[in-house]
Amino acid sequence: MSFRSVLIGVAALVLVAGCVLHARLGDSFVGSEVLYRGAHASGSDDAYITYRYARNLLAGQGAVYNAGERVEGYTNPLYMLLMVPALALAGDHGIYALSVALNTLFALVALLLFLVLVRERIGARHLGLAALLFATTTSLWVAAASGLETTLVLLFQLVLWIGVERASDRPERSHLPWLCVGAVGATLARA
């Protein structure tokens with residue numbers, strides 16, 4: 001196993017630990033210094049709005065905030081739809097933890113896509129450092145802990161970015177799927 005692989009593995013662990021600890025404590029620490037003090041120890045209040053829409057959809061009342069009121073007040077249709085099976089699995093008391101787990105998974109996939117982009121644009125030599133820089137971005141921990149769709153949006157933005165970079169380097173139709181998935185996914189994740 002190369003040193004680069006070890007750094008990437010450490011970065012993945014740091015990313016997961018940062019997301020989970022931020023969700024649990026609401027603070028991002030380095031040593032004894034608080035880097036970010038937030039109110040995400042139990043998620044953002046906006047996340048609970050999404051959960052309510054998902055709960056009403058699961059209950060057969062439609063994607064509404066209040067039963068019988070046909071108002072589309074969510075801005076994250078894909079994420080809201082992802083919360084429907086999450087609610088079915090975790091229930092009201094476990095939905096926040098499950099959404100943080102999903103957000104952390106999205107952040108890990110975003111890390112991998114970021115490394116694909118780094119390798120293609122500047123080479124493999126600095127992949128370990130790039131992974132550590134990505135993983136220690138405290139705002140990413142905050143985003144995952146919020147219970148909102150931010151890490152999913154980031155993931156789709158990276159897919160779109162890779163598609164654009166590849167299409168600009170080698171304009172051929174094989175890059176169209178990257179562009180389509182990135183554009184449609186980003187639009188549905190955060191309208």
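Buried means under 20% relative accessible area, exposed means over 50%, and partly exposed lies in between (1.4 Å probe, protein chains only). The model is predicted: local features need pLDDT of at least 70, side-chain atom pairs count only at pLDDT 80 or more, and totals for chains, interfaces and linings use all residues. Residues are numbered from 1 along each chain as its sequence is written, and side-chain values use heavy atoms, with hydrogens and water left out.

**Exercise 1.** Classify V10 by its accessibility.

Solution. Start with the value: V10 has a relative accessible area of 38%. That makes V10 partly exposed. Then place the residue: V10 is in helix α1 (residues 3-25). Helices here are DSSP runs (H or I, at least four residues), numbered from the N terminus.

**Exercise 2.** Classify the ring pairs of Y53 with Y65 and with Y74.

Solution. Rings of Phe, Tyr and Trp (its six-membered ring) pair if their centres lie within 6.5 Å; planes under 30 degrees apart are stacked, over 60 edge-to-face, the rest tilted. The count comes to four aromatic pairs. Take Y53 and Y65: centres 5.8 Å apart, planes at 50°, so the pair is tilted. Y53 is in helix α2 (residues 45-58), and Y65, twelve residues apart, is in the loop between α2 and α3 (77-122). Y53 is buried at 4% relative accessible area; Y65 is partly exposed at 32%. Now take Y53 and Y74: centres 5.1 Å apart, planes at 75°, so the pair is edge-to-face. Y74 is buried at 15%. Finally, join the pairs: Y53, Y65 and Y74 form a cluster.

How values were computed: Helix = DSSP H or I, 4+ residues; strand = E, 2+ residues; numbered from the N terminus.
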